[in-house]
Amino acid sequence: MKIDCNIDVHHLTRVEGHGNIRISIQGGVLRQAEWEVVETPRFFEALLVGKKWDNAPWICGRICGICSIGHTLASIRAVENAFGIVPSEQTRKLRLLLKHMETLQSHILHLYFLAAPDFLDVGSVFPLINSHPDVVARAARIKLLANDVCDCIGGRRLHPTRTVTGGFTMLPDKKELEGFRSRLIAVERDLIDTAGLFRTFTIPDFIRETEFVSLRGVDEYPFIGGELVSSDGVVRKEHEYRQMTNEYTVSQSTSKWARLSRESFAVGALARVNNNFSLLQPSARGVAEAFGLAPVMHNPYMNNIAQLVESVHVVMDSINLINDLLGTAWDAPRQPVVQREGIGVGAVEVPRGILYHCYQFDKTGHIVRADCVIPTSQNHANIQHDLTALAVQFAAEGMQDRDLELLAGMLVRSYDPCISCSVH
Amino acid sequence: MSDSPAKAYLGVPVRRPRVAFFELSSCEGCQLQILNNEASLLDFLSLVEVVRFREGMSGGSDEYEIAFVEGSVTRDDEVGRLQKIRETAKVLVAFGSCACFGGVNQLKNRFCLDWVKKEVYGDHPVETAEVRPLDAIVQVDLRIYGCPVKKEEVEKIVTHIAIGSDITYPRYPVCMECKANGNVCLYDLGEPCLGPVTRAGCDSWCPNNRAGCWGCRGPSDDMNILQLVDIMKRHGFSEETILDRLECFGGFSGHLEGLKK
C-alpha cells in the first residue's frame, strides 16, 4: 500500500485558463486535495454598468474565447427578455443552428486536442500529426465544417458579428446552406469513426453520486431558454436562476462557486444528457448506449462521451434545421427593438453547461446591474469534491504519484473547464 | 514538433523560430484562433516550433525566441510574469487588442477599483489593479491588432519574422478596405461605424457582415476624430454612441478629450 504522495500541478495544461491541483497524502491519509483557481478577474459585471443595451452582447461575447457565440446569444436573450421581444421562428432556427455548430467545434476541440492526448499518452495533439495523421485530419475536418457554418451564419467563428438583439444583421446565402447540408451528411462518417477511436480508450472507473443541472427540454433537446431542472428533482423558471445557482465566494478560487440541493452540482454535456436523454436524436442515443451511457450516469469522466453523443445530436439536428430553413422563403433578418425598463434573464446551454446572463435596465436602456453565471463556476465545487473522492479512492489502492497526477488532470479536463470564463 | 519538415520560401529552407504563447487577463480567444485555423494549421506548425502553449500542450520549454502574449495586465503578479517573458524572448509580440490597448478589460478603468470589487465580489477580498496594456510594463517589439486577431495577418507576420522581413501595417483606415470590398456604407444603412478612423488590416471584417466597426484595431495613421464626430452627428448618433464605440477596446484612449460623459 502506498504511504506518501505529493502532487503539485501549477497551471494545469490543456484547459482554458489558470488552475492548480494539489494533492497531499501522508501515511496513507489524505491531508489535502485542492482545486485552486487563480485566474485574474476581468469584472465584466462591473464594466457593463452604465452601458447602453446594445453594448452588452458585443462586450459579453468577449467573456470567452471558446464559446463567444453562446455568450453573445445568452446576452441577446437577456436583453430581448427584458424588452419583451420574442424572436421570429427564422431567427430562432438560425440561432440554434449557429449554437449547434459552436457546440460541435468546441466538443471536437476538447475531445481531440485537449482530452485524447491523455488517452494516447502524449502531451498534446502535435505529436499525433505524425503518429496519427488520419485522426488529426478527421478532427480538423469536423472542426472546419463547424467553424465554416459559424462564419456563414454568425459572420465570424469567434466573437460573432451578425448576431444582434432582434435577429441578425444579414442572412446566409441559401446556396451556402445547401453546401453545408451535404458536408454535415458526410461528417456523420467522421463522427462514427470518432466513436470508434474513443471505444479504444479506457474511461477511468470512478463514480461519485452527483446532482446534475441543465435546461429542461419539452419537445426538443434544450439549448436556448426554457425551464431549469436538476436530477434531484428541482424545477425552476428561467428568471429564477439565482435559486438554481446560489453563488458564493471561497478563498481557494477567484471564481465563485455554486450549490443547489447538495454541497455541489455539475453542469455540461453529461448533465444535459442525463436530464434529457429521451430527447436526443435516435442515432445520438445509439452512440450513448454503445458506451453504456444511460441516465443517471455519475462517472464524471463520461462527460467526454456525453460530448461525443451531443456532437452526433447537433449534426443530425442541424441537417433538419437546414431543411426547414431551405423550405421557407427568407423573412426580414431582424425585428425592431424598443427599449424599456426591466430585468431580463437569458439561459443558454453552452458547450460546458448552462450559462445565465441577467441585466437590469433603467428606462433609458442603460444597464443598472449585470450578473453572469458561468458553467465552469457552477462546476468548480463539484470538481473539488470529485478530486477529494478520487484521491481517497486511489490512494487507498496504492496508486503511484504519476498515475494519480494523470487521473486528477484528466478528471479536471473531463469537465472541459473554461476557467477564465468562470472568473470573468 | 521538432521532426516535422521545415518550410521553404522561394526554394530556400526557412529556419523555424521557437515560439511560445502566454496569456494574461484575456478570453484566450486569440490563441485559440491558431487552433481554429484548421485549413492552414499544419502549414503554420511547419513554419514555427511551438515550445510552449499551455492551452494546447503539456510540458514545454522556457527557451524561446518569439513570445506571443495575449491579454492585458490586471493584477500585480502578471507584471512579474510579463517581465520574465521579456527577459527570455528576443521578440515580444503583443497579441490582440487586450495586449495592445487593454481591450474590453480596460472599460473597468471607468470606475474606482473599490467599487468594482464590491460590485462583483461584495466583501470577499480580491486582488486587482488598473488595467494596462503590455507596453505600459515592458518594451513591445510587435503588435498584432484585433479582437479577435485575424488569422491571415498572424500568418503573414509570423512568416515575415521567420524570413527576417520587415513588418508593416496598413497606415490607412478600415474604410478603404470596406470600399474596396464594395460594401454599402454602414452609415447609409443607419449604423454607426468607426471605419473612418480605425487601422485597416482586418479586411473590414465587421462591415462586411453589416456590423459597424468598433475600433478594435485602434487608430489609423493621421486619423481625424473630430471629423468622425461630425459624421456621426450628421447621421444622428449621440455623443454617447460615439464614446461607446471609441472607448470599447482602449485603442483610442488619449483621443477622447472633450468626449467624456
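Predicted model: local features only at pLDDT ≥ 70, side-chain atom pairs only at ≥ 80, totals over all residues.
1. Is A:Asp173 buried or exposed? Because A:Asp173 has 10 C-beta neighbours inside 10 Å, A:Asp173 counts as exposed. Looking along the chain, A:Val187 is 14 residues away from A:Asp173, and their C-alpha atoms are 21 Å apart.

2. Next comes the pairing of helix 7 (residues 174-199) with helix 11 (residues 303-326), both of chain A. Their axes come within 10 Å and cross at roughly 160°. Angles over 145 degrees count as roughly antiparallel, and helix 7 and helix 11 of chain A are therefore roughly antiparallel to each other. The crossing of these two helices of chain A is left-handed. Sorted by class, the residues in the contact between helix 7 and helix 11 of chain A are 16 nonpolar, three polar and four charged.

3. Finally, do have a look at where the two chains meet. How many residues does the contact take from chain A and from chain B? Chain A gives 48 residues and chain B gives 49 residues. On the side of chain A that touches chain B, the elements giving two or more residues are helix 1 (44-47), helix 2 (55-60), helix 4 (89-119), helix 5 (128-131) and helix 6 (133-154) of chain A. Helix 6 of chain A supplies the largest share of that side, four residues. By class, the side of chain A that touches chain B has 19 nonpolar, 18 polar and eleven charged residues.

How values were computed:
Residues numbered from 1 in each chain as written. Chains lettered and ligands numbered in written order. Axes fitted to C-alpha atoms, helices over the stretch in contact; angles between N-to-C directions. Parallel < 35°, antiparallel > 145°, perpendicular 65-115°, else oblique. Left-handed = near helix turned anticlockwise from the far one by under 90°. Nonpolar A, V, L, I, M, F, W, Y, C, P; charged D, E, K, R; others polar. Contact = placed C-beta atoms within 7 Å. Buried ≥ 20, exposed ≤ 12 C-beta atoms within 10 Å, placed from the backbone.
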